[in-house]
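Colleague: I have a list of labels for this protein and would like to know what stands behind each one. Please set the values against the definitions.

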Amino acid sequence: MDFKLEAKIKPKGDQPKAIDGLFCGLKKGFNRQTLLGVTGSGKTFTIANVIEKFKKPTLVISHNKTLAAQLCNEFREVFKKNAVEYFVSYYDYYQPESYLPSTDTYIEKEAQINDEIDRLRHASTQALLTRKDVIIVSSVSAIYGLGSPKQYEKIIFRFRQGENIKHRELAKKLVEIHFERTSSDLRRGTFRLRGQVLEVMPVNEKSIYRFIISDKIEKIELLDFITKRHIRDLEQVNIFPATHYIINEMEKYSALSSIRKELNQRLKYFEKQGKILEYERLKRKVNYDLEMIENIGYCRGIENYSAHFDKRKKGEPPFTLLDYFKEVEKDFLVVIDESHVTLPQLKAMYNGDRARKKALIEHGFRLPSAYDNRPLRYTEFNDLIKNVIYVSATPSKEEIALSQNVVEQIVRPTGLVDPKIEIRPIVSTAKNLSQVDDLIKEVEKQVEKGEKTLVTTLTKRMAEDLTAFLEEKKLKVKYLHSDVKTLDRVQIITDLRKGLIDVIVGVNLIREGLDIPEVSLVLILDADKEGFLRNETSLIQTIGRAARNENGRVILYAEETTLSIQSAVSETKRRRELQLKYNKENNITPKTIKKAITNILDQFGLKKETLKLDLLGDNRNSKEIIREKKKQMQEAAEKLEFELATILRDELKELEKEFKKNAK
């Protein structure tokens with residue numbers, strides 16, 4: 001299928017020029033381009049239009065799971081009939097295996113896998129192997145080892161109605177691709193056999209396949225996995241492996257032989273070095289893993305042996321999501337969102353992983369081949385991608401230097417312009433005011449006008465202390481930083497938009513992603529303290545927080561005008577002049593964006609403070625209530641609203657616990 005954009009709006013402002021510029025660049029064979037798009041200019045919509053025109057599978061890489069989810073939802077809204085998938089790390093919690101020689105401390109790998117995200121990862125790879133109209137929005141997980149796409153595709157089982165097969169044969173085939181048999185409720189990657197009826201729940205779908213079998217497949221039914229309601233009959237189903245790391249029996253024994261050979265070489269090395277402890281440790285560890293793989297086809301940390309299973313030579317890159325794209329289309333499109341942050345992340349992954357593995361290998365916890373279970377080097381990543389578009393409001397010098405075409409998207413479809421900027425001293429001798437005194441006066445003016453303010457400080461402690469001081473002045477204020485829990489963060493932003501508070505004090509307003517239309521003033525304290533939070537890029541991004549309001553203003557408090565301040569102010573002024581000129585020529589009057597005030601907690605009648613359940617007042621059957629909560633949780637997860645899904649999951653656990661207690 002071709003990509004089909006379904007949107008009620010048409011490209012406006014600089015969008016048409018940017019779309020044409022990028023698409024022409026792709027047609028000319030430009031393999032590196034940059035979209036310099038200001039905050040609020042609709043960069044995602046521009047990229048969507050380019051994807052529709054280019055007609056190639058597309059990988060969008062974001063530096064952040066939450067932003068990736070937002071992007072995925074935005075693409076799903078406009079590509080309703082195409083496959084838009086989400087691919088990020090499936091860990092809710094992850095403590096990698098490591099060893100600290102200084103204290104002789106071995107830390108075993110500990111991970112809590114998010115089942116829904118694991119399902120979405122499988123949905124991503126399966127979409128790539130079955131169709132071409134695919135957009136996958138990924139984090140830097142795209143460059144981590146994933147298992148061979150050729151092996152994965154080779155072991156897909158296709159079953160048709162009328163096919164001659166016995167139910168035990170079908171069950172055996174499922175076990176071969178790592179499905180588990182169960183006699184209780186089905187979950188992803190399991191099957192249940194009852195007489196002549198076999199039910200299986202695939203890893204990529206929220207549904208159940210029911211096979212009715214005599215000596216052949218008499219019928220295949222698709223069932224709802226919660227209600228078990230019959231949806232429709234099927235003529236054929238494709239069942240993919242339950243794991244990305246898959247290998248057939250013949251190749252398995254070849255890999256085991258290769259691992260034993262490496263083990264013997266490494267043991268000889270330790271023996272020669274007189275490292276008896278390391279010798280015994282490695283011998284016991286690897287032999288146990290080999291026994292597990294031989295008998296049940298799997299062991300903890302099996303990915304550390306992936307080079308043997310993939311038959312890769314020492315130092316060769318692992319298979320990743322990029323290889324799955326290559327199976328479909330060699331010239332696929334890669335979009336690197338917020339490239340000024342994402343590229344440094346991509347570069348850092350390899351060295352960090354290798355440093356951790358070094359201690360494990362040197363002290364006998366892993367074989368040297370574990371080095372090859374790794375993320376791609378940055379050079380390897382670049383070698384695998386051809387058509388690349390860097391997207392950022394503040395691209396770094398690297399993206400600009402690499403690009404054969406830089407397209408600017410300065411004019412917003414809304415007509416909104418970049419905010420006015422004023423630089424004020426941290427201490428005003430003339431008025432005998434500090435930056436905090438001046439800040440209070442500005443916030444009080446904002447309150448009188450009914451407009452909202454964001455304040456950015458350098459540290460968490462400063463944010464908390466300033467918030468306490470402003471509260472003493474009877475101002476309605478809350479602070480936001482990385483220690484604030486997700487649910488509290490959601491509530492604080494909603495309260496600001498509803499008018500329950502007037503000011504949010506934050507440390508890194510870029511990371512917080514605070515694009516709030518009601519904010520017309522941003523105050524940057526200690527703007528001349530050069531560093532990560534006060535460099536040119538960060539200042540421009542922070543200034544952009546006030547660009548969604550027609551009255552947008554920014555005040556920078558500084559004793560000196562640093563090069564970063566000078567560059568940020570100069571660039572903002574340049575953009576503002578272009579925007580004002582366009583508005584004048586096209587008779588456009590900017591209007592603040594009107595954005596519905598919603599709270600994911602309110603949507604399902606949940607409260608932030610507690611998940612206590614008023615069960616006594618609910619006359620419904622307990623199973624009905626639990627079924628409804630499960631459905632709500634699945635709906636939230638499907639929309640990639642994982643914060644809400646987590647809340648509902650916790651509420652569901654409380655419900656089940658309460659019902660069990662009442663049953664006793």
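Modeller: The labels are taken one at a time below.

Modeller: This is a predicted model, in which local features need pLDDT of at least 70 and side-chain atom pairs count only at pLDDT 80 or more, while totals for chains, interfaces and linings use all residues. Residues are numbered from 1 along each chain as its sequence is written, and side-chain values use heavy atoms, with hydrogens and water left out.

Colleague: Why is E97 called buried?

Modeller: Buried means under 20% relative accessible area, exposed over 50%, and partly exposed in between, with a 1.4 Å probe and protein chains only. E97 has 7% relative accessibility, so E97 counts as buried. E97 lies in the loop between β4 (91–95) and β5 (98–100); helices (H or I, at least four residues) and strands (E, at least two) are DSSP runs, numbered from the N terminus.

Colleague: What joins the side chains of E97 and R366?

Modeller: A polar contact of 3.0 Å joins them. The term asks for a pair of N or O atoms within 3.5 Å; within protein, one must be able to donate a hydrogen and the other to accept it, and residues adjacent in sequence count only if both atoms are side-chain atoms.

Colleague: What makes Y152 and Y324 an edge-to-face pair?

Modeller: Rings of Phe, Tyr and Trp (its six-membered ring) pair if their centres lie within 6.5 Å; planes under 30 degrees apart count as stacked, over 60 as edge-to-face and the rest as tilted. The structure holds 10 aromatic pairs. For Y152 and Y324 the values are 5.8 Å centre to centre and 70 degrees between the planes, which is edge-to-face. Y152 is in helix α5 (residues 149–154) and Y324 in helix α10 (residues 321–328), so the pair ties together parts that are 172 residues apart in sequence. Y152 is buried at 0% relative accessibility, and Y324 is buried with a relative accessible area of 0%.

Colleague: Why are F159 and F211 called edge-to-face?

Modeller: Their ring centres are 5.8 Å apart and their planes stand at 80 degrees, so the pair is edge-to-face. F159 belongs to strand β9 (residues 157–160) and F211 to strand β13 (residues 207–213), so parts 52 residues apart in sequence are tied together. F159 has 2% relative accessibility and counts as buried.

Colleague: How do you know that the charged end of R354 sits over the ring of Y371?

Modeller: The rule needs NZ of Lys or CZ of Arg within 6 Å of the ring centre and within 35 degrees of the ring normal. R354 has its charged end 3.9 Å from the centre of the Y371 ring and is listed as sitting over that ring. The charged end of K56 likewise sits over the ring of F54, 5.9 Å from its centre.

Colleague: How do you know that β2 and strand β8 pair?

Modeller: Two strands pair if DSSP finds at least two bridges between them. β2 and strand β8 (residues 134–138) have 4 bridges and pair in the parallel sense. V60 has V137 as its bridge partner in β8. Strand β17 (residues 333–337) is also joined to β2 by 4 bridges, and the two run parallel.

Colleague: What makes both faces of strand β2 covered?

Modeller: In strand β2 (residues 58–61), T58 and V60 on one side and L59 and I61 on the other are all buried.
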